[in-house]
Number of protein chains: 2
Amino acid sequence: MVEPKTLAGFMELLPADQIQFNRFLDIIRKNFEKFGFLPIDTPVLEISEVLLAKAGGETDKQIYSFKKGDGELCMRFDLTVPLAKYVAKNLNQLNFPFLRYQIGKVYRGERPQKGRFREFYQCDIDVIGKGLLDIKYDALVPSVMYNIFKEMNIGDFCISVSNRKILFGFLNYIGLNEKSQEILRLIDKYKKIDKENFIATMSELNIADENIQKIIDFITISGDKWEKIEKLKSLNIQDETYKEGVSELEQVIKLMSTFGVGGKFFDVDLLIARGLDYYTGTVYETELVGYESLGSICSGGRYDNLAGYYTNEKLPGIGMSIGLTRLFVKLKENDILAKESGAISSAIILPMGDTLTECIKLSNTLRENDINCEVYLQDVKFKHKISYAGKSGIKYAILVGEDEVNNGEYSIKNLIDGSQQKLGPKQLIEFLKN
Amino acid sequence: MVEPKTLAGFMELLPADQIQFNRFLDIIRKNFEKFGFLPIDTPVLEISEVLLAKAGGETDKQIYSFKKGDGELCMRFDLTVPLAKYVAKNLNQLNFPFLRYQIGKVYRGERPQKGRFREFYQCDIDVIGKGLLDIKYDALVPSVMYNIFKEMNIGDFCISVSNRKILFGFLNYIGLNEKSQEILRLIDKYKKIDKENFIATMSELNIADENIQKIIDFITISGDKWEKIEKLKSLNIQDETYKEGVSELEQVIKLMSTFGVGGKFFDVDLLIARGLDYYTGTVYETELVGYESLGSICSGGRYDNLAGYYTNEKLPGIGMSIGLTRLFVKLKENDILAKESGAISSAIILPMGDTLTECIKLSNTLRENDINCEVYLQDVKFKHKISYAGKSGIKYAILVGEDEVNNGEYSIKNLIDGSQQKLGPKQLIEFLKN
């Protein structure tokens, strides 16, 4: 006998939770498609040489890789590198700008620890241009995400937007061009470490106190998003990159409004810098209001070149990603999820006496009317049938005895409040549809 | 520069095909849920000791396994063993009979060859009983599959049903009890090898010519399903297993009719024996009429004990599985798939002149009405916009110039037949909804 256990760091839900998780997946996919993003589904396994063309450093250790047959294979650790491969491979068959979504599991072989997953769902959208990609797509992408989080109904959230060009331009203007990548990585951590720590670490980089203060004043600029943009414009910083960044940010913010993103659901935040050098312009992070400690639940940004390791074609892109596994578990832990029934069926039909044929025929009719339903088929005492129905989470039981068959009326029992009523077939369909 | 290639034996579709593939996945899932099956989603990676508790022989070589950290891991090669683990692990939290579905990718590290996949989707339903599971569930499972293939609209198909108890009982009755597993494996191949070959191989098993003839007469019994059952009953074979098998088969066939399975879509076929010793009663295979050479597109059966390697609890089950990747590729190759647009959006909105704001607002309105649509956001000449729209497969382009904005009417161009008309906002929504 072997103990039936699941690997640590791998989420495996009971059916009621799985139904709720799938409902989120459905909301995400539906909204991706509403905005015209096209699905792709790349393999979980790739040739190591291909998938790791770019990777290095920290990521390397976290990759599940192994030899099989004549090659070295590895499991994908994100959906971005597979996208790069896919686009480079299918360059002539795709329509650019290419709006793609992918929802799938990715793998990180890290040590298991609380809140970390080794298998988790990523839900990504990216728009890839060939040569050029208009800044307007930088407003489209967070607008899609806004619609998703609204529909998920998990409380207030805020999509923070910035543009790395603003920071790069500003740092260049105050003469810190050479240290800008390091400084951006520190700014990215500003919220987590405190101000003293930030100053101390900046000093270690040999940055003059005067400049440290300038940087802090700059990144903590106050006001609402429109005021911040006006302030950024009025600072009179003579740097082309800076000006480009401010102009891009302004366009993105304005267009997000046009896309219908509610005013309180997005903001300008210069503290958003993102750790990855990869990003070159717009950057985003998303926090749940009141649960900021969860960290960003949806992030992303603009990059200059998606697939430089695979093709000479220049492919700029903009994307965002939801790490749904982690988000779902955090929502559960913090009791933010609405209580749901955890049932797939609207009704369960319980035969009483010799009515099986009628029960099955009734179930056929309900399904023809797009009502999910189950017929209980075990030949057991009625108390066992009603006990099964009670545990199932299904709201309504339809009791079908010989009397019901003869009278053409069914007894409908609400399994939550215990109430019961009799309905004819047509009424029953109407009732269950509502 | 690295060549962006995908592993052989791994399906990776272009978006238009992916959309069609996803439509099939949706049909499968929707019907699984219509019949009340609950979703589960087990990890792709499992602990080797757990996943391979039962496996052996041929399968072993095909498993992707590797060491990581302190353990030996492997990728799932089907969804049945993970189900066994899941049920044994969650025995006290599940409601029995447990109706579960799982749709996911599985992995077989075999040599790549035409028509074989190393990563492919399986779409499984199983009903698991605790202690006992009524034979009626053996009629439910193929009835679900019937609804799926009907909705897929891939032509006529036939679900063939048999019951291994009938063959075991018959072989016992003619004194071949000890060789029954080998004989069933041969019967399973009867259609592929010819009759002479079958006889020759049976002779090698030292089966008397007289008995070989009896077996052939028995398994090729003629008539429609009802006639076959009557013949089986009238053969007067005094064997309890045989009688049980015939009675079960009759119940299953009758109830499949009650579940609404059309008469020409299922049959009794004693040649269906299934190769696996695992199955103990009802067995199924499904063929596409006119494309029998594709082999079975949906198979399964009844087993006595799902999880004997993990628990002492006896867990009988009945299940069927669709190998969607292989089916999809075969349908494509044989041109059986209906031509589809391969588009996610119903319409693409093309700004002409300075109408971007209006275009985005129109897209918001369409989406609020559940219409998938894309706004083209690149700042390029109109001919490039219309070229993008033409390649996209999207049926309608909505042209929004300043005239259109002023007149409150939009030009709708049918990109397939080139026709064009003007519609106001409300008419437009109605038009696109139909």
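Two strands pair if DSSP finds at least two bridges between them. The axes behind the angles are lines fitted to C-alpha atoms, for helices over the stretch in contact, and angles run from 0 to 180 degrees between N-to-C directions.

This is a predicted model, in which local features need pLDDT of at least 70 and side-chain atom pairs count only at pLDDT 80 or more, while totals for chains, interfaces and linings use all residues. Residues are numbered from 1 along each chain as its sequence is written, and chains are lettered from A and ligands numbered from 1 in the order in which they are written.

Strand 2 of chain B is joined to strand 4 of chain B by three bridges in the antiparallel sense, and B:Ile47 stands opposite B:Leu73. Strand 3 (residues 65-68) and strand 4 (residues 71-75) of chain B also run antiparallel, with four bridges; there B:Lys68 stands opposite B:Gly71. Strands 3 and 4 of chain B form a hairpin with two residues between them, and B:Gly69 in the turn has a positive phi of about 65 degrees.

Chain B has another open sheet, of five strands in the order 13-12-14-15-16, with mixed pairing. Strand 13 (373-375) and strand 16 (420-423) of chain B stand at its edges with a single partner strand each, so one side of each has no neighbour in the sheet. The twist from one strand to the next averages 25 degrees. Within this sheet, strand 14 (residues 396-400) and strand 15 (residues 410-414) of chain B pair in the antiparallel sense over four bridges. B:Ile398 has B:Ile412 in strand 15 as its bridge partner.

Chain A is divided by its domain assignment into domain 1 (15-333) and domain 2 (347-433); such bounds come from an automatic or database domain assignment. The centres of these two domains of chain A, taken over C-alpha atoms, are 49 Å apart.

Helix 1 (residues 15-34) of chain A has 20 residues and reaches 28 Å from its first C-alpha to its last, close to the expected 28 Å. The expected span is 1.5 Å times one less than the number of residues. Among the buried residues of helix 1 of chain A are A:Phe21, A:Phe24, A:Ile28 and A:Phe32. A residue is buried if 20 or more other C-beta atoms lie within 10 Å of its own, exposed if 12 or fewer, and partly exposed in between, with C-beta atoms placed from the backbone. After helix 1 of chain A comes A:Gly36, whose phi is positive, near 85 degrees.

In total, 71 residues of chain A are in contact with 71 residues of chain B, contact being C-beta atoms, placed from the backbone, within 7 Å.

B:Leu184 lies in helix 7 (residues 180-188) of chain B. It counts as buried because it has 20 C-beta neighbours inside 10 Å. Leaving aside neighbours within four places in sequence, B:Leu184 is in contact with B:Arg164, B:Leu167 and B:Ala273.

Some backbone angles remain. Most residues other than glycine have a negative phi, and most peptide bonds are trans. B:Asn153, not a glycine, has a positive phi of about 60 degrees. B:Asn153 is found in the loop between helix 5 (137-152) and strand 7 (157-163) of chain B, and is exposed, with 10 other C-beta atoms within 10 Å. B:Asn206, also not a glycine, has a positive phi of about 65 degrees, and is exposed with 7 other C-beta atoms within 10 Å. The peptide bond from A:Phe96 to A:Pro97 is cis, with omega near 0 degrees. In chain B, a cis peptide bond joins B:Phe96 and B:Pro97, with omega about -5 degrees.

Definitions and conventions
Contact = placed C-beta atoms within 7 Å.
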